[in-house]
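Visitor: I would like to go through this model by asking, for each label, what value stands behind it. Could you set the values against their cut-offs as we go?

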Amino acid sequence: MDTLKFTKMHGLGNNYIYINMFEETIDEAELAKLAVDISNPYTGIGSDGMILICPSESAPVKMRIFNNDGSEAKNCGNGLRCVAKYAYENDIVKETEFQIETLGGLVTAKVKTENNNKVSLVTVNMGKPILQPQQIPVIGFNHLQQVVNEDVSFNDTPLKLTAVSMGNPHAVFFVDNIEDAPLHSLGPIIEKDPMFPDWVNAEFVELVSKSEMHFRVWERGSGITQACGTGACAAAVAAVLNNRAARNTDITVHLAGGDLIINWKDNGDVWMTGPAEIICTGEYHTNR
Ligand SMILES: N[C@H](CCC[C@H](N)C(=O)O)C(=O)O
């Protein structure tokens, strides 16, 4: 029986099992199944998925993220904050500002430390959103430059779609009352609708003001989670595109697990600020 050292961490309740690949070795062919097994709440550790903290040729550290269905995603906002905290506290990096490689490209993280050099808050420059339909991808809108407030329907329920990619695809829908959002009923249907060839993260948003919103998410590959960092970025971008939020402004996004501050800067970059916390460390027994 082999064992894997792990650290369970969360960003606003969006929790993953983190494995330090500077110290551990896992066959590439085993990663998807390991993500499913380790995430199982009954026979595994239990989590929204698995994140690998890897060496990189283009940055001090690389993040790979697997949902709890075993699918690998190109980006994860809550994961990036936790990777930044882990990398700083475990001396993988010495600076408080550094780059992290993701499958969606390079991002820049800044950690804020408190007593005895522990990271309490992380700000990540998530880069520029992708809005061209073909690159999100979403089909049926190739005649448009952006998919903003477009009429769609799922299970005969009419909705208005704004589609944004933060390296991973997001379908954002504005609702009058977040408590009435059809998260359970339509989340799994939207996730795998043929309109989204790579499937999609589905977000429902109730706007409070031009700098505040409520947010709930059905994540691609994980279902309902307490928070989605890339989703909060996509929601803020979508609100600005719909003239319902302001550029270059700190937007407070109230997620089920807590608040993120998102700012879509005039230079096009989206900044995300929020906490990252360690839950526990341990050894996972593989090959049982
Ligand atoms: N389910 C997402 C990946 C995790 C993103 C989310 N947990 C975040 O914090 O951004 C996807 O398949 O694109």
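Visitor: Why is Asn 243 called exposed?

Guide: In this predicted model, Asn 243 has 10 other C-beta atoms within 10 Å, and since a residue counts as exposed with 12 or fewer, Asn 243 is exposed. Asn 243 sits in the loop between H4 and strand E15 (251-255).

Visitor: What is the value of phi at Asn 243, and what makes a positive value worth noting?

Guide: Phi of Asn 243 is near 55°, which is positive although the residue is not a glycine. Most residues other than glycine have a negative phi.

Visitor: Which other residue, not a glycine, has a phi near 55°, and is that residue buried or exposed?

Guide: Leu 12 has a phi near 55°, again a positive value in a residue other than glycine, and Leu 12 belongs to the loop between strand E1 (3-11) and strand E2 (14-20). Its C-beta count is 25 others within 10 Å, and because 20 or more are required for the label, Leu 12 is buried.

Visitor: Where is there a cis peptide bond?

Guide: The bond from Ile 136 to Pro 137 is cis, with omega near -10°, and Pro 137 is placed in the loop between strand E8 (119-125) and strand E9 (150-154). Most peptide bonds are trans.

Visitor: How do you know whether Gly 77 is buried or exposed?

Guide: Gly 77, which is part of helix H2, has 29 C-beta neighbours inside 10 Å; the cut-off for a buried residue is 20 or more, and therefore Gly 77 counts as buried. Leaving aside neighbours within four places in sequence, its contacts include Val 124, Met 126 and Met 272, as well as Gly 229, Thr 230, Ala 232 and Cys 233.

Visitor: Why is H2 said to be oblique to H4?

Guide: H2 and helix H4 (residues 229-241) pack at an angle of about 125°, and their axes are 5 Å apart. Roughly perpendicular pairs run from 65 to 115 degrees and roughly antiparallel ones lie over 145, so an angle of about 125° makes H2 oblique to H4. On the side of H2 the contact is made by Gly 77, Asn 78, Leu 80 and Arg 81, and on the side of H4 by Gly 229, Thr 230, Ala 232 and Cys 233. By class, these residues are three nonpolar, four polar and one charged.

Visitor: What are the bounds of the two domains, and how many residues does each have in contact with the other?

Guide: According to the domain assignment, domain 1 covers 3-123 + 275-285 and domain 2 covers 133-268, with their C-alpha centres 24 Å apart. Contacts join 21 residues of domain 1 to 19 residues of domain 2. Helix H2 (residues 77-89) supplies the largest share of the domain 1 side, namely four residues, and that side as a whole divides into four nonpolar, 13 polar and four charged residues.

Visitor: What makes Thr 281 an exposed residue?

Guide: Thr 281 has 11 other C-beta atoms within 10 Å, and the limit for an exposed residue is 12 or fewer, so Thr 281 is exposed. Thr 281 lies in strand E18 (residues 277-285) and, beyond its neighbours within four places in sequence, is in contact with Phe 6 and Thr 7. The C-alpha atoms of Thr 281 and Lys 5 are 7.5 Å apart, with a sequence separation of 276 residues.

Visitor: Why is the protein chain described as being as compact as a globular protein of its length?

Guide: The chain has four helices and 18 strands. Its radius of gyration is 18 Å, close to the 19 Å that the globule rule gives for 288 residues, and therefore the chain is as compact as a globular protein of that length. The C-alpha atoms fill a box of roughly 50 × 40 × 35 Å along the principal axes, and buried residues make up 45% of the 288 residues.

Notes:
Residues are numbered from 1 along each chain as its sequence is written. This is a predicted model: local features need pLDDT of at least 70, side-chain atom pairs count only at pLDDT 80 or more; totals for chains, interfaces and linings use all residues. Domain bounds come from an automatic or database domain assignment. Two residues are in contact if their C-beta atoms, placed from the backbone, lie within 7 Å. Helices (H or I, at least four residues) and strands (E, at least two) are DSSP runs, numbered from the N terminus. Ala, Val, Leu, Ile, Met, Phe, Trp, Tyr, Cys and Pro count as nonpolar, Asp, Glu, Lys and Arg as charged, and the others, Gly among them, as polar. The radius of gyration is taken over C-alpha atoms; the globule rule is 2.2 Å times the number of residues to the power 0.38. Axes are lines fitted to C-alpha atoms, for helices over the stretch in contact, and angles run from 0 to 180 degrees between N-to-C directions. Angles under 35 degrees count as roughly parallel, over 145 as roughly antiparallel, 65 to 115 as roughly perpendicular and the rest as oblique.
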